[in-house]
Amino acid sequence: MTRTPLRRFLDYAVLSVLAFVFVLPVLYLVLGSFKPSDEVLSGLTGFLPTHLSLDNYSAVLNSFNSDATGYYWRFMGISVLVSTVVVLGGLIVNSMAAYGLSRLRWRGQGALFTLVLLLMMVPFEAVAVPLFYLLNDQRNTIYIQALPFIANAFSIYQFATFFRAIPPSIEEAARIDGAGPWRTFFAIIVPMSKPVYASVAILTFLIQWSSFLWPVLMVSDPAVRPLPLQMSVFQGQQPVDWGQVLAFGVLLVLPVLIVFAFFQRWFVQGVASSAVKG
């Protein structure tokens, strides 16, 4: 159905207002990170770009530049390493599991896929304490921050949903040409599935990068502390310098924006194809 000019105008007006509302906190975060602490919590005047400087960023980096306080770039490096391992490992493990559950035929396939769907309903908080006691001997290590999160039921569901939309005739043609399941998956399915890989990568990185509960339980050594946990320690110091806290927040968010910018072309393609199918 063709929309009238008035309907289009109203749609764009509502979307513009919503976009503006969602952008406001980000704008306040960025502007506040460049302002003195006494001007950060000053209401709507905090949006005025006055008295801007890089002092807050310099203070944050200088606050973590010794063995006693830890090094900012070490906290950043640990978060990047853990998130990268979870994303790359998850893309491989979850996509292969989803392919086996959605495209191959074997006994018990439906029951196992139903189990995966049920696991999506179990929040991490429900299994955090049992995992803590199970893996308590591995506390204060880097790999234990990543290992429990590589396999993910929601990622398997996303991959399986996308794979099921691929026409079976493509795989039939590959079998006629002599390709087995492994070659079909890596040479045909994976190149056709860039949108879902990008979507899963972005969502996985976002969730893992902001992970807080598991590091709180498993990490007490500053040498292996990830960036979000270190930010909570920094924010708890008295007196609170809100300008520096916001600068720390910008540094924390920046890698997420970089990852989204890298994958956004395929992510947008996936969203558009989902909208057309819907």
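Reader: What covers the buried residues of α10?

Author: The cover includes α4, α8 (153-164), α9 and α11 (194-209). Covering is read from contact, meaning heavy atoms within 4.5 Å. Buried means under 20% relative accessible area, exposed over 50%, and partly exposed in between (1.4 Å probe, protein chains only). Helices are DSSP runs of H or I, at least four residues long, numbered from the N terminus. This is a predicted model: local features need pLDDT of at least 70, side-chain atom pairs count only at pLDDT 80 or more, and totals for chains, interfaces and linings use all residues. Residues are numbered from 1 along each chain as its sequence is written, and side-chain values use heavy atoms, leaving out hydrogens and water.

Reader: Which residues of α10 are buried?

Author: Thr-184, Phe-185 and Ile-189. They sit on the same side of α10, because they cover an arc of only 95° around the axis. That arc is taken from the directions between the helix axis and the C-beta atoms. Now look at the other side of α10: Trp-182, Arg-183 and Ala-187 are exposed there.

Reader: How many aromatic pairs does a search of the whole structure find?

Author: It finds 19. Rings of Phe, Tyr and Trp (its six-membered ring) pair if their centres lie within 6.5 Å; planes under 30 degrees apart are stacked, over 60 edge-to-face, the rest tilted. Phe-159 and Tyr-197 are edge-to-face, because their planes stand at 65°, with ring centres 4.8 Å apart. Phe-159 is in helix α8 and Tyr-197 in helix α11, so the pair ties together parts 38 residues apart in sequence. Both Phe-159 and Tyr-197 are buried. Phe-234 and Phe-248 form a tilted pair, 5.4 Å centre to centre with 50° between the planes. This pair links helix α13, which holds Phe-234, to helix α14, which holds Phe-248. Phe-234 and Phe-248 are buried too. Ring pairs also build a cluster from Tyr-99, Phe-159, Phe-163, Trp-182, Phe-185, Phe-186 and Tyr-197.

Reader: How many salt bridges does the count come to?

Author: There are 2. A salt bridge puts a side-chain nitrogen of Lys or Arg within 4 Å of a carboxyl oxygen of Asp or Glu. Arg-7 and Asp-11 meet at 3.3 Å, N to O. Both lie in helix α1 (residues 5-33), 4 residues apart, about one turn of the helix. An α-helix has 3.6 residues a turn, so residues three or four places apart point the same way. Glu-171 and Arg-103 make the bridge at 2.4 Å, N to O. That pair links distant parts of the chain, 68 residues apart: Glu-171 in helix α9 (residues 168-176), Arg-103 in the loop between α4 (72-102) and α5 (109-119).

Reader: Is Arg-7 buried, exposed or partly exposed?

Author: Arg-7 is partly exposed, at 47% relative accessible area. Glu-171 counts as buried, because its relative accessibility is 6%. Arg-103, at 14%, counts as buried.

Technical notes:
Helices (H or I, at least four residues) and strands (E, at least two) are DSSP runs, numbered from the N terminus.
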